[in-house]
Amino acid sequence: MPEIDRREFLKLVGASAGAAAAAGCSEPVEKLIPYVIQPEEITPGIPVYYASTCQECPAGCGLLVKTREGRPIKLEGNPSHPINRGSLCARGQAAIGRTYHPDRYPGPQRRNQAGQLEPVSWDEAIRLLARKVQEAGPGTWLLSGEPGPTAGRWIDRWLTAVGAGGRVVHEPFAPEAVREATSAVFGVASEPLFDLSDTDLVLDFASDFLEIGPSPVEHGRQLAAARDVAAARGRTARLVSVGPRLSMTASNADEWVSARPGSEGLLALAVARAALDAGAGSPEARQALAGLLEHFAPERVAGQTGVDAATIVRLGRAAARARHAVALPPGVSVTARRAKASAAAVLLLNHLLGAVGRSVRIPPAPAEGRRRPSYRETLALVDAMKSSKVKLLLVADANPLYSLPVASGFAAALEKVPFVVSFASAADETSARAHLILPDHTPLESWGDAAPRLGVRSLLQPTVRPLHDTRAFVDTLLDVGRAMGSEVAAKLPPGSFRNLLEEAWADTDWRTALAGGGVFEGASPAPSLPLTPGATRLEVAEPLLEGDGEWVLLPVTSGLLYDGRGANLPWLQEVPDPVTKVAWQSWAEISHATAGRLGVELGDVLAVETPAGRLEVPAFPRGGIRDDVIGVPIGQGHTVGRYASDAEHGRPDAPRGVNVIQVLPAATDEAGGRAWLAARARVQKTGRFQRVAVVQTSQNQRKRRLGEAVSLAALAAGDAHAPAANGHGEAAAETHGDGHEHELLKPYDAAKDSAPDSPYRWGMAIDLDRCTSCNACVVACYVENNVPVVGETRTLQARQMSWLRLERWVGDGDLEGGRKLPIGAKEAPGAVDVRHTPQLCQHCGAAPCEPVCPVLATYHTPEGLNGMIYNRCVGTRYCSNNCPYKVRRFSYFDYSRENWPGLLSLMLNPDVTVRGQGVMEKCTFCVQRIAAARHTATLEGRTIRDGEVTTACAQACPTQAITFGNLKDEKSRVVQASHDPVRSYHALHELNTRPAITYLAKVKRGVFEEEA
Amino acid sequence: MTPPPPPPASVAAMIRPMPAPADSRANRDILAVMGRPTIGYVALLALVVSTVGWALGTFVYQTYVGLGVAGYSHPIFWGVYIVTFVFWVGIAHAGTLISAILYLFRAKWRNAINRSAEAMTVFAVATAGLFPLIHLGRVFKFYWLLPYPNQRALWVNFKSPLLWDVFAISTYATISIVFFYVGLVPDLAIARDRATGWRKVLYSILALGWQGTTKQWKAHNRTVLHLSGLATPLVLSVHSVVSWDFASSIVPGWHATIFAPYFVAGAIFSGFAMVLTVMIPVRRIYGLERYITDYHFENMSRFILLTSLIVGYAYATEYFVAWYSGVEPERTAFWLRAFGSYWISTWIMISCNAFFPQVFWFKRARTHIPTVFVVSVLVNIGMWFERYVIIVGSLSREYNPAVWGQYTPSWVELSILAGSFAWFSMFFLIFLKLFPVIAINEVKELEIHERAHANGGAH
Amino acid sequence: MASRARWRPSRRALGLLGASALVTASLLALPGPEPVGAQGQSSAAAREAQTLAGDESAPGPKQPIPFSHALHAGTYQIECLYCHTGTDRSMAAGVPSVESCMGCHSQFGADLEGVQILQRYWDEKKPIEWVQIHRLPEHVQFPHHRHVKAGVACQTCHGPVQEMHKVYLVPDTKWWPWGTPARKLEMGWCISCHRENEATQDCFACHY
């Protein structure tokens, strides 16, 4: 595949443009290649949007796929989709890479005698598989992720038709415990839906709901709505996060209750008890739970949970006082042997607090026969494989070899299976062991549907012609069936999966559904369900853990890599972890006390040993983790994949980082769900050292005005926390003794910062109280602006190219440290004061970078932007030296050469220049979007309307923390937002750079005070 | 013909006698330096030339692959190259100072060393001038830094200190070359009269038909006088402008009003040190003790002591102002300079520049040549590190602690740094063989004074 | 500027009319301005135009098809935007698809060598690889629609295409009051026009 000149695609639109740039000489003859037949909806240079559905996690967010000349170039949220309402998380943003991924299988492959993969024709492959299925018969098993309803239905039909053994759905993060608990407590085997938008107290029992789900984008939005201080001053929801570690979710909480992992159930009941004592709950509920709660007096539970009774009582009373409290059940990393009981306990708490039927909705169980993810069944299948009962294993949309514990013996069992077929579209650990590979389309090339929840049915449609010789999974199965002879074929429908899909949607208007991305019903009032008789019969106790190690091994869930499926997407590796700010690597979080006892510092490699295995990983000491816990993130340690493995250092088969799953026992909870929190670990110092790629060198802002916060009290009192900082407040106009206004104290005047005759001064308001540091904006920026991904080595050299980064500040900081980098931050249980500051070019009115450029490559545009003209830049880099925010990047190498290998270059945004070697680059406020809007507006003889143009970051943000617009338009949303008299401030205002970005200080809600 | 009566010393400097007899010892001794190169000389020349070649290679490599091969890392975007640039600009100050200012002040002792000092000035500027280009991200576009008419109708940014540099350096280069050459002319004439072969041709052209007539001498002196007048402000201006590269920014540790005098003093300081570092061996090797006497070296040591005090005072002031300002980023920046990860560089700078030169309070140290040599070398090292600390140290601890950085030079940068020294020495070595290393006429002028004094003439 | 007037997009409708009239005329095999028969002989003019367009010695690169703009845009007066659709709606100027060429040429011109080549492309469903003549550097964003809507004649940048059998970059040079002359499609060349017409001179307008 020759490198593709981006511009080719802008002008020349054909499918075969690849061939066009083939001329390798210095002066290539540029070809204009028109369509043979031009689809009427495509006009070269004008993007076309298609609605689809995100497949990165079970949340099922709606997509708008932006295509140019028939190529998807960006994924955006579908505004009309009820789950994500136009936002899209980091994983969703990065998902576009799957389609253009260099690791994709070019077509069907089979393994020859030598064990090498060799191409094979589809017909041949299908005949082969047909034969194998015939031979294997009931020995045929399918192991897959959770398919869409239609696909699932036809897969089951196919399995029966060909007389296969059956299938198992393997979703590592599936909340099985919660499902079982719901059926135990309410008699309905379904996952409860939580709506946080109308709550005033959220008790989060280590659910990690902002990182991985059940529906991170939706819950992020709802939390922001519930906490919105602008809506009703003071009356703002509080988030209390219980857990062993100050996770990203906890970092956004108002209070972190550091509880023993696995003791969430106990704590929930104790809190319930305290709430009961404080008079919470309806008489029936109180009466129903009184018996159970007797045994869970805070004093008794305190010891087991590691949370002192006072705190429990305090929380209980707060919950009782709360107008509308809700509790979220434990998440993946703390699902222990008794996860079901813990989840049940939390549901009972919700019941007591009267949340069920309000913000907790128990949807009816899915239709009978619809297979749900089951870890127990997965393990059963593994056993069957071990005892050679499985003759033919089909693996689709799953990577069990990575995501199942070594202890489960899957690897060995796989050896026992005579023939393994993988339907993976790109290489992964499991497909690397398969005998036959029949690559599926990627979601952007596929038809399909999803039913993420009651009342939401959404569709997938192909947005690009398959780039490789791939086939839809279900179509492959159908063809196999047909190839097995007429009697099998008779049991199968004619036509392709697409037809089946259309039939399945016959009850709707297909075209509108397709155009809108699906069919979305308004939410019906949630039914309040009675408890089942046995609801209160719970064995809630401390978790059972294997091993005699001193530390509890906590598998930390990553909002970026998810269960490891994100590891081969470059952006998800490049973007640092929101809490530790480590990129491309694995680390072991330990408390400072632990570090002191082991005598280790950041980067000292630890040996972590459990009964299931041993791994070596560098230490990351921090305040935000319990002394009795060691946390290792899930997702790294792949041995296959250009970006997932250590290919960067020439070792494509070696893991980069560690896969913590390998040292977890294959344990299940009492209901057969997967237990992640199952082992204690022995930890030793190995004496080796590994440099940790920490992108943010300090989370201590040394009292500098970067990330600010105001207390609720100050907010209520309405006193501006930083008169000078805030460019808008009344205090801003105060004058000096001599009467004339001090420059620093003059109120911000947008008019000063753009040409008098220009109707625009582009600006931004960023609400730190909404930002959860989910990284959606960062990845969106990478994709929109062709920002190169530089890899681990260059990340270690502090050479990342991100135009927008999230800075995490713990409190105001202090003046300590600085000799050794990175500087630790003071995290501690109790009131949480973590500020997440999206840092990007501030487009200053008085930009320090502008006067120092000798060639005027950076300058102030008439519309108030801080322009950066790459092709004028000679690379003196003075602009960056003089930028106090340090948001300018330098292209050290010619990234356009190597950083978009193979087809990845097809996803470059044709409206943004790919920067050459040796120039500065930085955030442009997505000037390409502004330009497009300006063209439209001018052609229609008007100015750009408010909201007509927005930046990629603002668009992606789940919590709407970022508002972009015209500061010269008094009615614009951005001006309204930034006119907050109390919270608005400019970063490092004392330098008087007059930034276009106004930050709104985070609100410190603090812990609940004891009522007198 | 009989030699004219010796003129009074006061006017001796203005009106010169006819050249001394051809067999003057000065002529022989000084021109002897230009004689057949020894093995040692050739070896040394070969070494420096090959080093220059190597550095050239690395530069080509850097230009092709990208500046990423240098040690730059966000946010430290100025490193060894700019450090070395400022260093060499500093070195370039001794020559003009000695030639111009001391000339105007009639400091006789300058005569023995001004020629080599001027030569060094020229070579140092030639070296320094390279680095602003070497450090460019797109060096092949360097000409965009010059205001020239172009089809894009684009202009340069006269507000940028980097542009002021372009003018300051080029002006300084021009003046110092002219100065060097004008001073050279009479001696070239002498060399011409003795040389044969291609040298004869070369000198004949360069000597501009110098006959040594009184008329020519008058013209020559007037030129020198005026050039001195022109050059004197440059000594102050050039490094002031260079210092504004930093002072006019908002970087904590750069944004200081004392930078101009501070840099100028430092420049003279390092310039004199370099003259000593070079001239002591030269004098030794070519046995020029009769012309370049310990008395010269002692005076220069005095100068070094003086400037060292100024520089030391500047350091103190910097820290005081940082503390007194009460601006936290300033304070932090300076605190971490001394006690942060760059503490070694900082203490090298302080000890080499402010402490060691204090030995020159003692006459024994000033007259003990090995000591003088060692101190001069230390000062050169110290001054290089001063710039390193100011530039790299400040950039790595700026306003946003989230992106504080750490910088270590790469092998490419170090090669090019070594190359710069080789480049400088290469020119100097060639100069030794091509031109009289000491201003013969001025030395002879001294001889004449001595004679005058001996005859109990003028007084 | 007569040419500008003639090529003002407001005349587009007329151009379309002309073209369609031409098609119908040819279908009915009526004697049109340039009589061409459905199966019959193409006009001498057409054949000559084709030879000229294929002329190796003529300036401009060799194109896969000896297509004469002079014939289509000149003689037949077919409006630019009739084939280069979307140019008035999009940043990019569209290159007509093989299909749109065949739209007319399935009707006539079958005896012309060029049309036969076209036919082959069409049969093989392969796109035509035209050699690009007017090319801006990668770091320049040129909004065609803005210029078309502003009434800038296509000829202003592309030269009198309607008179060229074989298209080539017609050299043009703008002279500054000071500074060096700017050749066609060089930045100074664009800027001088922007100055005359008081259009934006903001760098960010084209470079981002």
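In the predicted model, helix α14 of chain B contains Trp343(B). Trp343(B) has a relative accessible area of 45%. Because this value lies between the 20% limit for buried and the 50% limit for exposed, Trp343(B) counts as partly exposed. Together with Trp335(B), Phe339(B), Ile344(B) and Trp347(B), Trp343(B) makes a nonpolar surface patch of about 550 Å². Two helices of chain B, α13 (328-339) and α14 (343-355), each supply at least two residues of this patch. The largest share, three residues, comes from α14(B).

Nonpolar side chains are also found in the interior. In soluble globular proteins, such side chains tend to be buried together. The largest nonpolar core holds 286 residues. Trp571(A), Ile630(A), Phe925(A), Met279(B) and Ile391(B) touch the most other members. Helix α11 (residues 259-286) of chain B gives the most to this core, with 16 residues. A second, separate core has 67 residues, among them Ala318(A), Ala322(A), Ile362(A) and Val579(A).

Strand β25 of chain A spans residues 629-633, and five of its five residues are buried. In a regular strand the side chains alternate between the two faces of the sheet. Both faces of β25(A) are covered. Val629(A), Gly631(A) and Pro633(A) lie on one side, with Ile630(A) and Val632(A) on the other. Beyond its neighbours within four places in sequence, Ile630(A) is in contact with residues including Trp551(A), Leu553(A), Ile590(A), Leu606(A), Ile625(A) and Val683(A). Strand β21 (residues 551-556) of chain A pairs with β25(A) in the parallel sense, over five bridges.

Conventions. Residues numbered from 1 in each chain as written. Chains lettered and ligands numbered in written order. Predicted model: local features only at pLDDT ≥ 70, side-chain atom pairs only at ≥ 80, totals over all residues. Heavy atoms only, no water. Core = buried A, V, L, I, M, F, W, Y, C linked by side-chain atoms within 4.5 Å. Buried < 20%, exposed > 50% of the residue type's maximum accessible area, 1.4 Å probe, protein only. Helix = DSSP H or I, 4+ residues; strand = E, 2+ residues; numbered from the N terminus. Contact = heavy atoms within 4.5 Å. Pairing = 2+ DSSP bridges. Patch = residues over 30% accessible without salt bridge, like charges linked within 9 Å, V, L, I, M, F, W, Y side chains within 5 Å. Areas by Shrake-Rupley, 256 points an atom, 1.4 Å probe, with all protein chains shown as cover. Salt bridge = Lys/Arg side-chain N within 4 Å of Asp/Glu carboxyl O.
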